[in-house]
Amino acid sequence: MKSPIRVAVTGAAGQIGYALLFRIASGAMFGPDQPVILQLIEAPVEKALKALEGVAMELDDCAFPLLKGIVQTDKPEVGFKDANWCLLVGAKPRGPGMERADLLKDNGKIFIGQGQIIDAVAAADARVAVVGNPANTNCMIAASQAKRLPPERFTAMVRLDQNRAQTQLAKKAGVDLTDVRDIFIYGNHSPTMFPSFAHATIKNQPATKVINDLPWLQGPFCEIVGKRGAAIIAARGASSAASAANALVDHVRSLVTPGAIHSCAVKSNGAYGFDPNVWAGMPVKTTTVGSYQVLPSYPMDDFAKSKIAATNKELVEERSFVAEMIKG
Ligand code: NAD
Ligand code: LMR
């Protein structure tokens, strides 16, 4: 039996937390032979901490063989201590009518503090995955506070967008979901994101040929994927939760699976024209457990370049919006 890894999760008593923790404890994220210790972090709010107690009781009641311990805390320095993975979910979610930029000021502060504490107390091999919105810029903020952990250790989730795009292409083509491959998300987890359909394949044929409807791909397809989060908020009255938790399972599972090729928001190195120092979604290939390389050479036509320029512009704007905050 492997030794347990420590997985810290913020916002553990929230909606995503409730759909996520049981999947981690069951082995879906790190595999069926990897024991875990869950380090659950909540805001210092009585109601949230009480709810966390209930979640921990339910985890106990599942008798998961891989779950080797549960820490419950409102102190990040306790919750992130020796953590191998830090899953930053806790943040205020967007309500109806709000854009992610509205959240930056409130949520940005959380990620300053957490970035510093993770850097101080997490395990030497710590990896950080950010879900709390605006996820790309929150990830950049947390990474900006780290002196020990290199920026490549900080990733943000665009996997929900990849999953959404895959399903939309499958529905349009009338094929099974698993027939759709190589659909990647570029840029921000926001309506400006670009689901790059030109490289997608359906039954090993170019998706553009199979679907044969460029106006749909350039228009409604990009729009449906980009605005799916808002559509779910409008329908459910609350932000997506189960699908977001599922996407985080996929995000981390791919990052611990050498050879996996997947969309991930990572620090730009200039590939695809993204400004260095923004965290942008792009295709990556996992090299060794927890490490990856950007796949830099998918060709982009003028349409794709203009979409990437627009989402890059938004990321640069978000970064300038928090520039004072991250100066320290
Ligand atoms: P929620 O309100 O149900 O839960 C958030 C939890 O975070 C709450 O329990 C709250 O007490 C806790 N929290 C707040 N500040 C905290 C802090 N400083 N430390 C620890 N915990 C803290 O929200 P949710 O539906 O679980 O969503 C969480 C975040 O995920 C939101 O920002 C939401 O917008 C985002 N989200 C991202 C994606 C994505 O694809 N990147 C998808 C869906 C939701
Ligand atoms: C989503 O994509 O479902 C979430 O990011 C919710 C949101 O705020 O759009």
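By buried I mean under 20% relative accessible area, with exposed being over 50% and partly exposed in between, using a 1.4 Å probe and protein chains only. Helices (H or I, at least four residues) and strands (E, at least two) are DSSP runs, numbered from the N terminus.

Please keep in mind that this is a predicted model, in which local features need pLDDT of at least 70 and side-chain atom pairs count only at pLDDT 80 or more, while totals for chains, interfaces and linings use all residues. Residues are numbered from 1 along each chain as its sequence is written, chains are lettered from A and ligands numbered from 1 in the order in which they are written, and side-chain values use heavy atoms, with hydrogens and water left out.

Which strands pair with strand 1, and in what sense? Strand 2, residues 36–41, pairs with strand 1 in the parallel sense over six bridges. The chain reaches strand 2 from strand 1 by way of helix 1, residues 15–26, and this β-α-β crossover is right-handed; that is, with the strands pointing away from the viewer, the path from the first strand over the helix to the second runs clockwise. Strand 4, residues 85–88, also pairs with strand 1 in the parallel sense, over four bridges. Pairing here requires that DSSP finds at least two bridges between the two strands. Ala8 stands opposite Gln39 in strand 2 and opposite Cys86 in strand 4.

Strand 7 pairs with strand 10, residues 201–202, over two bridges in the antiparallel sense, and Thr201 in strand 10 is the bridge partner of Arg181.

Arg181 also brings us to Leu169: the two are twelve residues apart in sequence, and their C-alpha atoms are 9.8 Å apart in space. Leu169 is in helix 6, residues 159–173, and counts as buried at 0% relative accessibility. Leaving aside neighbours within four places in sequence, Leu169 is in contact with Val180, Ile183, Ala200, Ile202, Ile211, Trp216, Leu217 and Phe221, contact meaning heavy atoms within 4.5 Å.

**Aromatic pairs**

Rings of Phe, Tyr and Trp (its six-membered ring) pair if their centres lie within 6.5 Å; planes under 30 degrees apart count as stacked, over 60 as edge-to-face and the rest as tilted. By this rule there are ten aromatic pairs. In one of them, Phe30 and Trp85 have ring centres 6.0 Å apart and planes at 55°, so the pair is tilted. This pair links distant parts of the chain, 55 residues apart: Phe30 is in the loop between helix 1 and strand 2, and Trp85 is in strand 4. Phe30 is buried at 9% relative accessibility, and Trp85 at 6%.

Phe194 and Phe303 form an edge-to-face pair, 6.0 Å centre to centre with 70° between the planes. Here too distant parts of the chain are linked, with Phe194 in strand 9 (residues 194–196) and Phe303 in helix 11 (residues 302–321), 109 residues apart. Phe194 is buried, with a relative accessible area of 2%. Both belong to one aromatic cluster, formed by Tyr186, Phe194, Phe197, Trp216, Phe221, Tyr272 and Phe303.

His251 is found in helix 10, residues 242–255, and is buried at 0% relative accessibility. Which side chain does the side chain of His251 meet in a polar contact? The partner is the side chain of Thr155, at 2.9 Å. A polar contact is a pair of N or O atoms within 3.5 Å; within protein, one must be able to donate a hydrogen and the other to accept it, and residues adjacent in sequence count only if both atoms are side-chain atoms.

Finally, the ligand. Of the 28 residues around ligand 1, Gln15, Ile16, Glu42, Val131 and Asn133 come nearest; to be counted, a residue needs a heavy atom within 4 Å. An oxygen atom of ligand 1 is 2.9 Å from a polar backbone atom of Ile16, and a polar side-chain atom of Asn133 lies 2.9 Å from an oxygen atom of the ligand.
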